[in-house]
Amino acid sequence: MLKVKGLSFSYGDFSVENVCFEVKEGEILTLLGPNGSGKTTILKNVYGLLKPKKKCVFIDGRDFHSLSLKERAKLAGYVPQSHYPPFPYTVLDVVVMGLASQLSVFESPKDEHYEKALEKLRLLGMERFKDRPYTQLSGGQLQLILIARALVQEPKVLLLDEPTAHLDFKNQVKILGIIKKLAREERITAILTLHDPNLASIYSDKIALVKEGRIRAVGESSEILREEILEEVYGVPIHILEFNGFRVIMPKTEVV
């Protein structure tokens, strides 16, 4: 459903080169790797916030970047790692802003747009916050509102940059669980970036390991998350424990 073929981009002394992967409808692919490896750069290139060197992103066979802004907004939604609004808009208004590309320059949102926004807030269990100022939300709540803002476009593809950044363990699990549920029930294709290989293993259908702007390996987590590959990507000794069908990835440490 989404195909990235030969994505390349460079700025300064950093570049991503020949990035390739495919994600089917309803699947979750995680770009996994250390800080500065190029995960966010790849995600921004896929969405079009950065411009790759050539045509390389296709959704249902269509060249995504050649489409109009309105067409692209209907196909893909983007959730940034963080967002700091300049004004205390209500939660409902922030979600409605996700429909901006579908309105004309001087057109104001109508009742139908607000109802669509409420529908997405209900889907994420956030309707009760609709009148609260956006600036008064917790980190986990804020992430859910950003997801609702992307979902109101009714995209086929959802791109999320570090959706668990700065969240506690409970909210990390909650956010990733919701993303997985959306992929399964709404048939949304999701691509996200993460640092934690354990979370990636639990919530991803496919994983692409990223190091120094290159995809080192891509495939199902059981194939990709192996000690030798993780050690090469992260640069630390890795040990994988298996019990009750689960695999736990941890660094090898010496007790001093």
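I looked up F58 first: its bridge partner is D63 in β5. Strands here are DSSP runs of E with at least two residues, while helices are runs of H or I with at least four, and both are numbered from the N terminus. I am working with a predicted model, where local features need pLDDT of at least 70, side-chain atom pairs count only at pLDDT 80 or more, and totals for chains, interfaces and linings use all residues. Residues are numbered from 1 along each chain as its sequence is written, and side-chain values use heavy atoms, leaving out hydrogens and water.

β4 (residues 57–59) pairs with β5 over two bridges, in the antiparallel sense; pairing asks for at least two bridges found by DSSP.

What is the order of the four strands in the open sheet? I read β2-β1-β4-β5, with antiparallel pairing. β2 and β5 (62–63) are at the edges with a single partner strand each, so one side of each has no neighbour in the sheet.

On to the hairpin. β1 (residues 2–11) and β2 (residues 14–23) run antiparallel and are joined by seven bridges. I found S10 opposite S15 in β2. Two residues lie between the strands of this hairpin, and G12 in the turn has a positive phi of about 60°.

Last, I turned to helix α6 (residues 169–185), which holds K174.
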